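Visitor: I'm new to this one. Can you put it up and walk me through a few parts?

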Amino acid sequence: MMTTGMTAADLAHTARSSEDIRHELGVDPVSVRSIRDPAIYELEREKIFKKTWLKVATSWELPKVGDYKVKELAVANASVLIVRGKDGQIRAFHNVCTHRGNKVVPTTGFETFGRSRANVVTCRFHGWVFSTDGPLRSVPMKERFGKLDSACLGLREIHCDIWEGFVFINFDAEPAQSLTEYLGDFGKLFSGYPYEESTTAFRYSTVLNCNWKVAHYAFSEGYHVPTIHAGSLPGFQGIEHTDFKLMGPHASSTIYGAGMDTAPSTLAFASMLSTTERHRPRPDQLPPAINPERRADFQFELPNLFPNFIIHLASGCGYPGMSFFTHQFWPLDHGRTLWEGINYFRPAQTAAEQVAQQHVNALHRNAWLEDTATMEDTFSGIMSGTIDEMQLMDQEFLIRHAARTLDTFLAA
Amino acid sequence: MTNPILPAPFTDLAPLAAHWARPSENERSEIRWSASADDFKALYEAMMPRLDDILALLSQHPATDMPEEVRNLFLLACAFAEASPHHELYRGSSAVPYSFDARRFVRTDGDVAL
């Protein structure tokens, strides 16, 4: 494991104070052009989404040989088959039949899950059969092709690698960096937590009529919490957004806080989870450089894994019983975004634990409903041409950093 | 819907279970979205004083395998778990105030029955 022997001091070079951030990233307003200009989106597709490592699955979603998931990724004009082969290895392929281009695995919606029972997938057009590790295994009436180099007609593989159980792909034919290199210090900062134990997932998605960065940026700061979440997180006191970290294209920060006024039902559900060994707060399980002082008021880590993924690592310390939650922002076109939010818990053993998880999940879903309420209005406001710049305060540094990283990639 | 059977001493909650208890999140959401402030209040006043006792009973059963009457109570408790914020925090509104349209917000696997 990457954390072997690692201490908080090994990542001390990533730490930044507010003064450091102002000095390093500047204090000037940031242009909204990359949000407004459709031509920028075309550049993002080529220079970011077809070049960087993108999270597309988790290994525990595909626990058994033959388990697969298909993701429709409009940003890369791709349908991607992620499948666990007979050898246990997870691979990614273009979900495209090498015969004439039909989809091999039929899909519904943005994500399709299934299992191949004989370790093959079969195109429903003419019956070409592919092994789940890629090769073309059989072709009906093969002798009637005047020429067919079936050894070269396997499914087209996409670079795929796994970090801490999160499955990433890279569309580039020859990625400039391995996944480990790309994640860099981010991979070290977040590694060592037993993510794979939290197999209970509450998954939400919606299509937002906004540029993907509007949605991403809205989830990238804690400044909004006391205002926008006054309904679902009432009386959220003493929120402290600090421990800023810069790690190449990625960045992170920590939310501490005394918590909120807890309603009676929440108190009952929360106490049932917090007194259960498998769901209780586990600050001791956090990687060493996250909440290094093991403060009791730690809520969760708030990072940005460039370009479009956020892992909020809570270890049960923030929302009761919640291990971690993730956001991902997939552009559908310049002004439309698929947002995916997932709450992860360790599996409930008793029916009572499951009810309590339903409550915590509902509270968090409701907070997300408050978050998403701003996004289409923000995009409309930016598209109206009324403002040319965003004003950003210290706790919005993840936005400032992501915008700068975006410019760097687009200029490359 | 006929009243579902519930374990003692919760048999009197059967009419509430008939209205609120459904096996999937999407079904429960439909019921919640059409609820009035009085509906939320009635559910809350019936369930909240007995929540600890309900959870104590449900703690004796694994999440995946329950007798039918316990499962009915479990599904009512799930509906309450999702509905209680509407009474406690949202003044009886079926929508989260100042929020995105919940109908556009899809529980991706929300039709899966518990």
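Guide: This is a predicted model. Start in chain A, where strand β5 (residues 78-84) and strand β6 run antiparallel, joined by five bridges.

Visitor: Which residue in β6(A) is the bridge partner of Val83(A)?

Guide: That partner is Arg91(A).

Visitor: And how many residues lie between the strands in that hairpin?

Guide: The hairpin of β5(A) and β6(A) has five residues between its strands. Gly88(A) in this hairpin has a positive phi, near 90 degrees.

Visitor: Which other strand does β6(A) pair with?

Guide: β6(A) also pairs with strand β11 (residues 157-163) of chain A, over two bridges and in the antiparallel sense. Here Phe93(A) has Glu157(A) in β11(A) as its bridge partner.

Visitor: Is β6(A) largely enclosed or open, and why?

Guide: Strand β6 (residues 90-94) of chain A is largely enclosed by the rest of the structure, because four of its five residues are buried.

Visitor: Switching topic: at what angle do α8(A) and α2(B) cross?

Guide: Roughly 60 degrees, for helix α8 (residues 351-372) of chain A and helix α2 (residues 25-33) of chain B. Their axes come within 14 Å. The two helices are therefore oblique to each other, and the crossing is right-handed.

Visitor: Which residues meet there?

Guide: From α8(A), Gln358(A), Asn361(A) and Arg365(A) meet Glu25(B), Arg28(B), Ser29(B) and Arg32(B) of α2(B).

Key:
Residues are numbered from 1 along each chain as its sequence is written. Chains are lettered from A and ligands numbered from 1 in the order in which they are written. This is a predicted model: local features need pLDDT of at least 70, side-chain atom pairs count only at pLDDT 80 or more; totals for chains, interfaces and linings use all residues. Side-chain values use heavy atoms; hydrogens and water are left out. Axes are lines fitted to C-alpha atoms, for helices over the stretch in contact, and angles run from 0 to 180 degrees between N-to-C directions. Angles under 35 degrees count as roughly parallel, over 145 as roughly antiparallel, 65 to 115 as roughly perpendicular and the rest as oblique. A crossing is left-handed if the near helix is turned anticlockwise from the far one by less than a right angle, and right-handed if clockwise. Contact means heavy atoms within 4.5 Å. Buried means under 20% relative accessible area, exposed over 50%, partly exposed in between (1.4 Å probe, protein chains only). Two strands pair if DSSP finds at least two bridges between them.
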